[in-house]
Each structure stands twice: as structure tokens, then as C-alpha cells.
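Let's take a walk through this structure together. Keep the sequence and the 3D view handy as you read.

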Amino acid sequence: MNKEKIIVALDVATAAEARSIVAELRGEVGAFKIGLQLFTAAGASFVREAVEADAKIFLDVKFHDIPNTVAEASKEAARLGVWMFNIHALGGVEMMRRSSEAVREVCERENLLQPKIIGVTVLTSANRETLKEIGIERDTPEQVLNLARLAAKCGLDGVVASPLEIETIRQAIDEKDFLIVTPGIRKDAATRQRGNAAREIEGQKTKEERQNKLETIDDQKRVMTAKQAAAAGADYLVIGRPILQAEDRASAVREIIRDIEAV
Ligand code: C5P
């Protein structure tokens with residue numbers, strides 16, 4: 001079912017706001033994502049509360065630390081009962097491998113449901129320029145693919161990647177059930193670019209500045225519409241602001257699902 005593909009990002013500051021979004025949308029979407037903002041504000045107790053209320057939770061806190069620390073934190077994520085959580089593939093092979101083994105072991109021993117572990121590749125807010133700034137000379141798709149291959153080799157269940165790299169990852173990784181989770185979904189980039197954004201763009205001095213502005217929509221740089229991402233083969237679409245900022249959130253979700261169904 002297409003609604004199962006939609007993960008709503010609970011990017012809000014309080015448990016009360018998050019509770020009301022979950023209540024409003026729980027029948028409409030597959031899962032909810034608790035990210036850094038809500039986790040820092042409302043903590044693990046809110047994650048437990050949501051899990052106990054039978055919401056499917058993706059804990060998006062992107063662990064990245066020494067292998068032992070990430071493996072131990074991953075065990076705690078499993079104990080929280082989340083459906084999915086993520087770790088940075090940039091943390092390396094040992095960090096990913098030890099974490100997936102630790103989760104498998106603790107779930108067997110304590111009879112827990114095994115959460116899906118997803119590797120973060122290159123954030124959708126980053127582009128080639130961002131990679132260059134931190135000393136990575138590869139172009140973005142190549143870097144994403146390299147990290148996706150490592151994640152698969154280490155036993156992770158899938159990766160987070162922008163819609164633009166889905167096809168390349170699918171072609172390169174054989175595992176049929178390797179998951180691709182895709183943020184960077186925007187309603188209709190073309191329309192937005194033609195509207196307000198285009199007026200702003202005219203004010204930018206150089207061609208590069210104009211291009212950069214054109215590609216950036218609410219700080220996401222590698223974007224597609226839900227329909228394009230689903231057609232390219234994304235398993236899950238993580239959507240925040242296009243739903244959260246809509247006047248009627250449930251209608252915004254339904255519109256996105258209709259869009260996907262037209263694929
Ligand atoms: O509001 P928007 O639709 O941009 O929200 C996207 C969500 O996906 C945010 O919560 C962001 O943290 C998350 N995310 C992302 N890029 C990644 C991983 C997660 O945008 N690579």
C-alpha cells in the first residue's frame with residue numbers, strides 16, 4: 001500500500017505537538033520519524049510513549065561515534081522498540097558491522113523485534129560543493145554509491161539517499177530487499193522555481209549563485225517530487241515540511257499518495 005511508504009518527520013519542538021500530529025495522521029501514513037530536534041527536546045520517554053501507542057517509529061538520530069559506542073547505542077534503540085533507526089555510513093565498516101551484530105544478538109537474547117538499520121550516505125542538504133568543503137573530491141552519486149555498498153556489505157538493511165541516486169543504488173546492489181529511504185521530497189520543484197524562488201534568483205549575482213539557489217528548496221539541495229521518487233524505486237519517502245506546514249495536513253498527505261498512485 002502506498003500510504004505505508006510515507007514516513008512523516010515529526011520535526012517539532014514538543015511532545016504535545018508531536019502527539020497531535022500523530023493523532024491527526026496515524027491512519028493516513030506508514031510511520032513517523034523522530035529526529036534530533038524532538039529527541040533532544042522530549043527524549044527517549046517520548047519514543048517509548050509513541051511505540052507503546054502502536055505508532056511505527058523511525059528513530060533518526062544518525063549515530064556516528066566509535067564502534068563500541070554506536071553498537072551500544074544501537075542496542076538501546078532496539079530496546080526502545082523502534083521499527084527503524086539510522087547510523088552514518090561515514091562511521092566506517094567496523095562501526096556498522098559491530099552495530100548490526102550487536103542488534104541481532106540483543107534482539108535474539110531478549111526476544112525483541114529486530115529494528116531495521118539504515119545507513120546515512122550523503123545528506124540531501126549537501127551537494128558537490130559541500131563535499132568539497134570537507135575534503136571529499138568525489139562527485140555526489142559516486143560517494144553515495146560507495147557508502148551504500150559498504151552499508152550493504154556490513155549487513156545494514158538499507159540506506160538513506162536522495163531521490164537522485166535511487167536508480168544507481170538499485171543497479172549496483174543485488175540484494176532485492178535492500179531498502180532505500182528517501183528524504184528531499186518537495187511538492188513540485190518546477191512550480192516553486194517558477195514562482196517566488198525565481199524572483200529571488202534573479203537577484204543573485206553569479207551564474208553559480210543562481211544555480212545554487214535554484215536547487216535549494218528549504219535547505220534541501222537534492223530534491224524530487226514524491227511521484228518521481230516513488231517511480232525511481234524508493235521504498236520509503238521521508239517528508240517533513242511539505243506536510244507539516246500544510247494548512248490541512250491530512251489533505252496534503254492524501255494528495256501525495258494520489259500523486260504516487262499515478263506512477
Ligand atoms: O522538511 P523536510 O521534508 O526537508 O524533512 C526531511 C527530514 O528528513 C528531516 O527530518 C531531515 O532531518 C531528514 N533527513 C534528511 N536527509 C537525510 C536524512 C534525514 O533530510 N539524509
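**A guided look around**

Cys107 has a relative accessibility of 4%, so it counts as buried. Cys154 also counts as buried, because its relative accessibility is 4%. What about bonds between cysteines? A disulfide is a covalent bond between the sulfur atoms of two cysteines. Here the number of disulfides is zero. Keep in mind that what you are looking at is a predicted model.

Now step back to the whole chain. It has 13 helices and eight strands. Of its 263 residues, 48% are buried. If you take the contacts with a separation of 6 or more, 69% of them join residues 24 or more positions apart.

Next, the inside. In soluble globular proteins, nonpolar side chains tend to be buried together. In this chain, the largest nonpolar core has 70 residues, and the ones that touch the most other members are Ile6 and Ile169. Helix H6, residues 140-153, provides the largest share of this core, with six residues. There is also a second, separate core, made of 13 residues, with Phe58, Met84, Ile118 and Val160 among them. Back to Ile169: leaving aside residues up to four places away in sequence, its contacts are Val144, Leu145, Ala148, Val159, Ala161, Phe178 and Ile180.

While we are at helix H6, have a look at Thr140, which belongs to it. Is Thr140 buried or exposed? Its relative accessibility is 6%, under the 20% cut-off, so Thr140 counts as buried. Beyond residues up to four places away in sequence, Thr140 touches Val122, Asn127, Arg128, Leu131, Glu165 and Arg222.

Now find strand E1, residues 6-9, where Ile7 sits. With a relative accessible area of 0%, Ile7 is buried. Which residues does Ile7 touch, not counting those up to four places away in sequence? The list is Ala31, Phe32, Lys33, Phe58, Trp83, Tyr236, Leu237, Val238 and Ile239.

On to the empty space. Rolling a probe the size of a water molecule over the atoms shows where empty space is left. The largest pocket has a volume of about 540 Å³. It is lined by 29 residues, and those closest to its centre are Lys33, Asp60, Lys62, Pro183 and Gln220. Several elements supply at least two lining residues each: helix H2 (36-52), strand E3 (57-63), strand E8 (236-239) and helix H12 (241-244). E3 gives the most, with three residues. By type, the lining splits into 13 nonpolar, nine polar and seven charged residues.

Most residues other than glycine have a negative phi, and most peptide bonds are trans. Lys62 is not a glycine, yet its phi is positive, at about 45°. Asp54 also has a positive phi, near 70°, and is a residue other than glycine. You will find Asp54 in the loop between H2 and E3. Its relative accessible area is 66%, so Asp54 is exposed.

Key. Residues numbered from 1 in each chain as written. Predicted model: local features only at pLDDT ≥ 70, side-chain atom pairs only at ≥ 80, totals over all residues. Heavy atoms only, no water. 1 Å grid on protein atoms, 1.4 Å probe; cavity = no way out; pocket = protein on both sides within 12 Å on 5 of 7 lines; lining within 4 Å. Points joined across faces, edges and corners; volume = space filled by probe spheres on them. Helix = DSSP H or I, 4+ residues; strand = E, 2+ residues; numbered from the N terminus. Nonpolar A, V, L, I, M, F, W, Y, C, P; charged D, E, K, R; others polar. Disulfide = S-S within 2.5 Å. Buried < 20%, exposed > 50% of the residue type's maximum accessible area, 1.4 Å probe, protein only. Core = buried A, V, L, I, M, F, W, Y, C linked by side-chain atoms within 4.5 Å. Contact = heavy atoms within 4.5 Å.
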